[in-house]
Amino acid sequence: MKPKVIVYKKVNQKVLEYIKQTCEVVYFEELDSQNDSEFLHELKDAHGLFGVGLGIDKKLLDQAPQLKIVSNVAVGYDNLDLLELSKRGIMATNTPEVLNETVADTVMGLIIATARRMPELDYWVKNGQWDSMLEEKWFGVDVHHKVLGIIGMGGIGTAIAKRAHFGFNMDILYHNRSRNHEAEQTYGATYCSLEELLNQSDFVCLMTPLTPETEKLMGLREFEQMKQSAIFINASRGKTVDEEALIQALQKGEILAAGLDVFDPEPVQKDNPLLSMKNVVTLPHIGSATMETRFNMAMLAAENLVVGLKGDVPPNLIKSEVNTK
Ligand code: GLV
């Protein structure tokens with residue numbers, strides 16, 4: 001008998017067909033909540049879960065006694081309770097590497113859009129204000145030859161460093177749990193403390209995964225340590241930033257501007273003050289959202305799922321501290 005899998009995300013037909021070759025699939029194109037009664041019903045005898053964003057916690061796992069694997073279609077897995085999964089011997093997988101270059105493109109786009117004020121200018125051109133755009137008050141600031149500070153130098157951080165070094169002649173500082181030799185040797189990145197990075201960078205780019213250690217990593221003190229002329233970029237998770245502190249830093253002019261792909265919570269609340277600030281460029285968490293990369297992520301997640309359900313070790317098994325104990 002084929003194992004039963006719940007796919008709770010809209011997925012490319014080819015990926016779905018691939019999963020269906022070896023699994024019985026129950027498909028929810030969209031699932032807003034883990035309390036959906038139909039979903040909970042299907043969960044009772046499901047062996048695999050495939051999707052993104054859903055909180056996989058004790059409450060959900062208590063209702064999934066047959067579960068063997070959770071295949072997260074994302075590189076970040078802060079939505080998974082790894083301790084609970086590990087206690088039950090359930091595998092968890094993610095989709096690293098395949099999205100690095102695409103997210104790095106998004107981050108460079110955010111840096112340029114924010115520094116050069118592109119969304120504001122776009123708005124004014126479309127509203128017939130071409131002439132007034134020539135005034136100095138609309139000028140942006142340079143990106144090239146500036147100092148870029150990257151917090152979290154994993155695969156995505158390294159792909160950003162490559163672009164910044166070769167494409168923009170930027171000096172790169174980074175702060176990370178461990179040293180990244182590729183970034184240092186190939187892209188000239190310099191390792192430093194968080195405080196030094198914040199003090200010296202013209203662009204501070206937050207790329208760290210969300211963990212208990214990185215939650216609200218950027219708070220009042222950290223924004224105060226940034227240059228007043230600096231631009232803050234976040235493409236990690238909304239919760240790595242104390243959003244109130246960011247709002248305050250922008251309101252008080254402690255930093256120049258911000259480019260944000262992530263918020264806390266998501267979707268961003270309509271009355272979030274960040275949405276009415278002209279010096280804040282906002283994206284709807286689309287770092288990896290290209291046709292090619294989203295397909296590759298889904299296919300990789302499908303491979304993880306199928307391999308895990310066959311009883312083999314999936315290529316991207318999350319080896320967290322809890323799982324390796
Ligand atoms: C996107 O945010 C991801 O974790 O893949």
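**The ligand site and its surroundings**

Analyst: In this predicted model, a backbone N or O atom of V75 lies 2.8 Å from an oxygen atom of the ligand. On its own, the ligand would expose 190 Å², and 84% of that is buried by the protein.

The residues around the ligand are A74, V75, G76, L99, R237, H285 and M297. By type, this shell divides into 4 nonpolar residues, 2 polar and 1 charged.

One member of the shell, M297, falls within helix 12, which spans residues 291–310. To place that helix, the sheet has to be described. The sheet is open and has 5 strands in the order 2-1-3-4-5, paired in the parallel sense. Strand 2 (24–27) and strand 5 (91–93) each have a single partner strand, so they form the edges and one side of each has no neighbour in the sheet. On average, neighbouring strands are turned by 15° against each other, direction ignored.

Within the sheet, strand 1 (residues 4–7) pairs with strand 3 (residues 48–51) over 3 bridges. In this pairing, V7 stands opposite F50 of strand 3. Helix 1 (residues 13–22) packs on the sheet and touches strand 1, strand 2 and strand 3, with its direction at about 140° to that of strand 2. Helix 12 also packs on the sheet, touching strand 1, strand 3, strand 4 (69–72) and strand 5; its direction makes about 170° with that of strand 4.

Some backbone details remain. Most residues other than glycine have a negative phi, and most peptide bonds are trans. E97 has a positive phi, near 70°, and lies in the loop between strand 5 and helix 5 (100–115). L99 belongs to the residues around the ligand.

There are also cis peptide bonds to note. The bond from D264 to P265 is cis, with omega near 0°, and the one joining E266 and P267 is cis too, with omega about -5°. P265 is in the loop between strand 11 (257–260) and strand 12 (280–282), and P267 is placed in the loop between strand 11 and strand 12 as well.

Methods
Residues are numbered from 1 along each chain as its sequence is written. This is a predicted model: local features need pLDDT of at least 70, side-chain atom pairs count only at pLDDT 80 or more; totals for chains, interfaces and linings use all residues. Side-chain values use heavy atoms; hydrogens and water are left out. Two strands pair if DSSP finds at least two bridges between them. Helices (H or I, at least four residues) and strands (E, at least two) are DSSP runs, numbered from the N terminus. Axes are lines fitted to C-alpha atoms, for helices over the stretch in contact, and angles run from 0 to 180 degrees between N-to-C directions. Contact means heavy atoms within 4.5 Å. A residue is near a molecule or strand if one of its heavy atoms lies within 4 Å of it. A polar contact is a pair of N or O atoms within 3.5 Å; within protein, one must be able to donate a hydrogen and the other to accept it, and residues adjacent in sequence count only if both atoms are side-chain atoms. Accessible areas come from the Shrake-Rupley method with a 1.4 Å probe; for residues, only the protein chains shown count as cover. Ala, Val, Leu, Ile, Met, Phe, Trp, Tyr, Cys and Pro count as nonpolar, Asp, Glu, Lys and Arg as charged, and the others, Gly among them, as polar.
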